Amino acid sequence: QEDMDPQTAAVLLRRQWSLYSVTPLYRFSGARLKGYSRLLGAFIASEKQKGLAVEIGVELDIKVAFSSFPELKGSDQDQAALLVQLSSKSQSSTKSSEEKLVWSGCFCSVFGDYLSENVTEDFTCLPLFLVHGAESYTSIVGRWFQKTFDCCFRRLAISPLSLSWMAAIWTGYKVDKTVSAVELVFSVPRLPQPLDISYSIHAEDAKALWDTTQKTRGENTQEEVDVFRNCLDSHFHRHFRIHLSATKLMKVSTAIASAHCDGIVKFLQSQYLTRVLMLLTELAISQIQ
């Protein structure tokens with residue numbers, strides 16, 4: 001897997017993104033992005049006057065920019081990704097002052113073309129929505145998209161099963177430079193006070209375990225993921241006498257990316273970024289169907 005274009009990767013890397021699934025957009029047109037920018041900007045201004053968007057201190061003007069993101073897709077059948085950015089500049093600032101990016105949203109589909117095959121041409125399928133920024137803006141932007149394109153948004157949670165897949169697959173990816181440990185965070189249920197368990201494994205040891213577990217290169221099965229997890233759990237039990245099977249996997253951190261069960265991800269390297277987005281697209285589509 002080659003590195004993604006640096007400019008494309010820079011938009012996504014090392015930021016914390018909240019995940020949403022989105023139903024197909026009705027009568028969305030990539031040729032009308034400038035018009036959409038103006039319409040959403042007017043909608044935000046209207047909502048702010050109602051006091052629905054909370055801003056503390058100096059009142060800010062919001063500039064909206066829609067842009068096509070064609071580099072962010074997996075196949076020619078995928079729709080070009082859509083990047084929405086909100087920038088602000090204080091009314092008291094000089095005209096030459098730089099605008100500050102306050103919110104970003106990215107609609108994309110990476111190897112998700114099998115969803116578009118089942119809808120008519122009036123619909124644009126961009127099932128995965130990545131958000132970085134204040135929840136107040138996410139809410140406003142989401143309402144505008146729902147009214148304009150008759151779509152629905154839903155927070156995309158990540159199940160412990162999916163997190164186990166991510167831990168195994170991302171551990172198996174080869175990276176060129178020295179990497180930090182693989183970390184799994186578990187939550188212990190039914191306790192008076194919250195208790196989390198952090199389990200760190202040296203990256204090379206985790207990869208060696210996955211390499212011995214994987215039977216066919218390039219293919220991954222649930223059985224292989226289960227064996228990988230069972231080996232890690234057994235090792236932990238031998239040392240601490242704790243059954244991790246009685247806990248809930250909450251977070252996975254690797255050199256490739258980190259993911260939390262609440263649907264929060266961080267992309268750490270441009271290498272394999274397309275594959276990570278492919279898995280997230282699959283999760284988003286499974287929630288829609």
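This is a predicted model: local features need pLDDT of at least 70, side-chain atom pairs count only at pLDDT 80 or more; totals for chains, interfaces and linings use all residues.
Local features rest on a pLDDT of at least 70 and side-chain atom pairs on a pLDDT of 80 or more, whereas totals for chains, interfaces and linings use all residues. Residues are numbered from 1 along each chain as its sequence is written, and side-chain values use heavy atoms, with hydrogens and water left out.

Strand S11 (residues 248-253) and strand S12 (residues 257-260) run antiparallel and are joined by three bridges, where strands (E, at least two residues) and helices (H or I, at least four residues) are DSSP runs numbered from the N terminus, and two strands pair if DSSP finds at least two bridges between them. Within this pairing Val252 stands opposite Ala259 of S12, and the two strands, S11 and S12, form a hairpin with three residues between them. S12 also pairs in the antiparallel sense with strand S13 (residues 264-267), over four bridges, and here Ala257 has Phe267 of S13 as its bridge partner. S12 and S13 likewise form a hairpin with three residues between the strands, in which Gly263 takes a positive phi near 85°.

Helix H2 (residues 33-49) packs against helix H4 (residues 135-149) at an angle of about 125°, with the axes 10 Å apart; axes are lines fitted to C-alpha atoms, for helices over the stretch in contact, and angles run from 0 to 180 degrees between N-to-C directions. H2 is therefore oblique to H4, given that angles under 35 degrees count as roughly parallel, over 145 as roughly antiparallel, 65 to 115 as roughly perpendicular and the rest as oblique. The residues that make the contact (heavy atoms within 4.5 Å) include Tyr36, Leu39 and Phe43 of H2 and Tyr137, Ile140 and Trp144 of H4. By class, the contact of H2 with H4 has 10 nonpolar, no polar and four charged residues, with Ala, Val, Leu, Ile, Met, Phe, Trp, Tyr, Cys and Pro counted as nonpolar, Asp, Glu, Lys and Arg as charged, and the others, Gly among them, as polar.

Thr213 lies in helix H6 (residues 203-213) and counts as buried because its relative accessibility is 10%, buried meaning under 20% relative accessible area, exposed over 50% and partly exposed in between (1.4 Å probe, protein chains only). Leaving aside residues up to four places away in sequence, Thr213 touches Glu224, Val227 and Phe228. Gln289, found in the segment after helix H8 (273-288), is exposed, with a relative accessible area of 60%. The C-alpha atom of Gln289 is separated by 32 Å from that of Leu244, 45 residues apart along the chain.
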